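The sequence and the structure come first.

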Amino acid sequence: MLELLTSETPNGWKVSILLEELGVPYTVTPIALTDRVQKQDWYVALNPNGRIPTLIDHAAGDFVVFESGAILLYLAEKYDRFIPADTQARSQVIQWVMWQMSGLGPMMGQATVFNRYFEEKLPSVIDRYTRESQRLLGVLDAQLATRDYLVGDYSIADIACFPWVRGHDWAGVEIDGFPHLLRWYDRIAKRPAVQRGLLVPEPPSAQDMAEKTILQGKTIIA
Ligand SMILES: N[C@@H](CCC(=O)N[C@@H](CS)C(=O)NCC(=O)O)C(=O)O
């Protein structure tokens with residue numbers, strides 16, 4: 001059995017969406033980021049970075065995977081799905097996963113922190129992260145101008161990027177000027193497995209959300 005330790009954030013949803021797409025059984029252990037459970041010793045022993053998500057493959061000797069991109073690759077390779085077999089096409093998918101992990105995720109994460117959580121509003125910092133996020137969304141838009149998905153068929157490249165694009169509003173980044181990206185977004189948002197994955201773990205109550213925004217300046221999404 002697979003166990004996903006996660007929270008309701010883009011990096012967590014990448015993995016729950018893939019698990020739902022795969023249709024394999026898994027259990028969910030919710031990690032309350034605002035209670036800093038991700039910094040507790042037992043969790044850091046699994047995930048040295050002290051962040052979500054973490055996957056444990058109990059059927060493979062309790063094998064642990066941290067880093068959402070590595071988890072996507074592990075699952076795609078384990079089940080041989082959502083990643084092409086051809087070496088070059090596979091490389092292209094991995095390139096976009098790397099791009100998301102090193103660019104889109106961190107920049108949108110920082111845009112979220114400085115637009116949303118930081119009490120002090122720092123115009124040059126906000127400008128930097130908002131513009132860089134917008135530039136990266138433009139890269140996606142250009143790639144999608146001539147294709148339905150980032151590389152060939154729907155793959156872990158799309159799954160990696162989707163939750164971050166979805167979070168653009170919360171991050172304070174506009175996507176109206178990106179028609180190809182919007183079409184891709186709508187196409188993926190319609191998938192039943194994606195809709196199920198976005199409900200893992202159970203969405204927080206309105207009160208939890210209010211408490212979240214009180215934690216200004218704390219990196220709960222990055
Ligand atoms: N590169 C990591 C980033 C993980 C990450 O930043 N997770 C955030 C939620 S999206 C988190 O756990 N934040 C809590 C914290 O920073 O303590 C990955 O992709 O797994």
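The model is predicted: local features need pLDDT of at least 70, side-chain atom pairs count only at pLDDT 80 or more, and totals for chains, interfaces and linings use all residues. Residues are numbered from 1 along each chain as its sequence is written, and side-chain values use heavy atoms, with hydrogens and water left out.

**Helix packing**

Two packed helices are described by the angle between their axes and the distance between the axes. Axes here are lines fitted to C-alpha atoms, for helices over the stretch in contact, and angles run from 0 to 180 degrees between N-to-C directions. Helices (H or I, at least four residues) and strands (E, at least two) are DSSP runs, numbered from the N terminus.

Helix 1 (residues 10-22) and helix 6 (residues 156-166) cross at roughly 135°, and their axes come within 9 Å. That angle makes helix 1 oblique to helix 6; angles under 35 degrees count as roughly parallel, over 145 as roughly antiparallel, 65 to 115 as roughly perpendicular and the rest as oblique. On the side of helix 1, the contact (heavy atoms within 4.5 Å) is made by Pro 10, Asn 11, Trp 13, Lys 14, Ile 17, Leu 18 and Glu 21, and on the side of helix 6 by Ile 156, Ile 159, Ala 160, Phe 162, Pro 163, Trp 164 and Arg 166. By class, the residues of this contact between helix 1 and helix 6 are 10 nonpolar, 1 polar and 3 charged. In this scheme Ala, Val, Leu, Ile, Met, Phe, Trp, Tyr, Cys and Pro count as nonpolar, Asp, Glu, Lys and Arg as charged, and the others, Gly among them, as polar.

Helix 6 is mostly covered, with 10 of its 11 residues buried. Buried means under 20% relative accessible area, exposed over 50%, and partly exposed in between (1.4 Å probe, protein chains only). The buried residues of helix 6 include Ala 157, Asp 158, Cys 161 and Val 165.

Helix 5 (residues 123-143) and helix 8 (residues 179-189) have axes 7 Å apart and pack at an angle of about 75°. Helix 5 is therefore roughly perpendicular to helix 8. Leu 137, Leu 140 and Asp 141 of helix 5 meet Pro 179, His 180 and Leu 181 of helix 8. The contact of helix 5 with helix 8 has 4 nonpolar, 1 polar and 1 charged residues.

**Thr 6 and Ser 7**

Thr 6 is found in strand 1, and Ser 7 is in the loop between strand 1 (2-6) and helix 1. Thr 6 is buried, at 0% relative accessible area; Ser 7 counts as buried because its relative accessibility is 3%. Setting aside neighbours within four places in sequence, Thr 6 is in contact with residues including Val 28, Thr 29, Pro 30, Pro 53 and Pro 201. With residues up to four places away not counted, Ser 7 touches Gly 12, Ile 31, Leu 33, Ile 52, Val 200 and Pro 201. A polar atom of the Ser 7 side chain lies 3.3 Å from the backbone oxygen of Ile 31.

**Backbone exceptions**

Most residues other than glycine have a negative phi, and most peptide bonds are trans. The table lists exceptions in this model.

| Site | Feature | Value |
|---|---|---|
| Ile 52 to Pro 53 | cis peptide bond | omega about 5° |
| Val 200 to Pro 201 | cis peptide bond | omega near -15° |
| Asp 80 | positive phi | phi near 55° |
| Phe 82 | positive phi | phi about 60° |

Pro 53 is in the loop between helix 2 (41-46) and strand 3 (54-57), and Pro 201 is in the loop between helix 9 (192-197) and helix 10 (206-214). Asp 80 is placed in the loop between helix 3 (68-79) and helix 4 (87-117); Phe 82 also lies in the loop between helix 3 and helix 4. Asp 80 is exposed, with 55% relative accessible area, whereas Phe 82 counts as buried at 13%.

**Val 65**

Val 65 is in strand 4 (residues 63-66) and counts as buried at 8% relative accessibility. Beyond residues up to four places away in sequence, Val 65 touches Thr 54, Leu 55, Ala 70, Ile 71 and Tyr 74.

Note on methods. A polar contact is a pair of N or O atoms within 3.5 Å; within protein, one must be able to donate a hydrogen and the other to accept it, and residues adjacent in sequence count only if both atoms are side-chain atoms.
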